[in-house]
Amino acid sequence: HVQLVESGGGSVQSGGSLRLSCAAASGYTYSGYSMAWFRRAPGKEREGVAAIGSYGRTRYADSVKGRFTISQDNAKNTLYLQMNTLKPEDTAMYYCAAEPSVVWWLLLDGNEYNSWGQGTQVTVSS
């Protein structure tokens with residue numbers, strides 16, 4: 001289990017940008033972990049947004065390709081999600097998740113992850 005803390009959420013207008021951060025608690029490292037961002041809007045199922053595997057391979061939901069970028073700073077034990085050209089349909093609670101060695105075809109499957117942050121709210125107005 002890894003303690004994760006998200007930050008960077010907020011309210012923006014359509015077309016705006018936000019950068020979410022996910023920091024591991026002191027004493028933990030992201031080395032060897034698969035990391036991912038998930039989101040859930042009221043009345044909708046949890047959606048895998050973006051993920052990065054143990055060796056840096058990335059996966060994105062079709063709905064965010066070309067707009068969102070996942071990255072990882074191993075020295076800082078911090079995961080990022082750069083969100084550009086935000087749309088109202090991006091409004092959701094965003095969660096960071098971690099799990100050792102998730103296979104590539106399951107990187108966006110939330111059932112594979114056991115460590116979760118508390119979430120950070122993103123609201124995009126039209």
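**Group meeting talk: a walk through a predicted model**

At 61% relative accessibility, Q13 counts as exposed, because exposed here means over 50%. I start with Q13 as a friendly way in. Please keep in mind that this is a predicted model. You can find Q13 in strand β2, which covers residues 10-13. Now look for E99, which is 86 residues away from Q13 along the chain. The C-alpha atoms of Q13 and E99 are separated by 33 Å.

Next, the sheet. In what order do the 4 strands of the open sheet stand? The order is β1-β3-β8-β7, and the pairing is antiparallel. Strands β1 (4-7) and β7 (68-73) stand at the edges with a single partner strand each, so each has one side left without a neighbour in the sheet. From one strand to the next, the twist averages 15°.

Let's zoom in on one pair from that sheet.

Keep your eye on C22, please, for the next part. A disulfide is a covalent bond between the sulfur atoms of two cysteines. How many disulfides does a search of the whole structure find? The search finds 1. This disulfide joins C22 to C96, with an S to S distance of 2.0 Å. Since C22 lies in strand β3 and C96 in strand β9, the pair ties together parts that are 74 residues apart in sequence. The angle about the S-S bond is -75°, and the link of C22 and C96 is left-handed. Are these two cysteines buried or exposed? Both C22 and C96 are buried.

Now for some charges. Side chains of opposite charge can pair when their charged atoms come close. In this structure there are 4 salt bridges. One of them is between D90 and R39, whose closest N and O atoms are 2.9 Å apart. D90 is in the loop between β8 and β9, while R39 is in strand β4 (residues 33-40), so this pair links distant parts of the chain, 51 residues apart. D90 also forms a salt bridge with R67, and there the closest N and O atoms are 2.7 Å apart. R67 lies in the loop between β6 (58-60) and β7, so its pairing with D90 ties together parts that are 23 residues apart in sequence.

How accessible are these residues? D90 has a relative accessible area of 1% and is buried. R39, with 6%, is buried as well, and R67 is also buried. If you step back, you can see a network of salt bridges that links R39, E47, R67 and D90.

Another salt bridge is formed by D62 and K65, where the closest N and O atoms are 3.4 Å apart. Here D62 is exposed, with a relative accessible area of 66%.

Which residues make the nonpolar surface patch of about 360 Å²? The patch is made by V103, W104 and W105. V103 is found in the loop between β9 (92-100) and β10 (115-116). With a relative accessible area of 32%, V103 is partly exposed.

Technical notes: Residues numbered from 1 in each chain as written. Predicted model: local features only at pLDDT ≥ 70, side-chain atom pairs only at ≥ 80, totals over all residues. Heavy atoms only, no water. Patch = residues over 30% accessible without salt bridge, like charges linked within 9 Å, V, L, I, M, F, W, Y side chains within 5 Å. Areas by Shrake-Rupley, 256 points an atom, 1.4 Å probe, with all protein chains shown as cover. Salt bridge = Lys/Arg side-chain N within 4 Å of Asp/Glu carboxyl O. Helix = DSSP H or I, 4+ residues; strand = E, 2+ residues; numbered from the N terminus. Buried < 20%, exposed > 50% of the residue type's maximum accessible area, 1.4 Å probe, protein only. Pairing = 2+ DSSP bridges. Axes fitted to C-alpha atoms, helices over the stretch in contact; angles between N-to-C directions. Disulfide = S-S within 2.5 Å.
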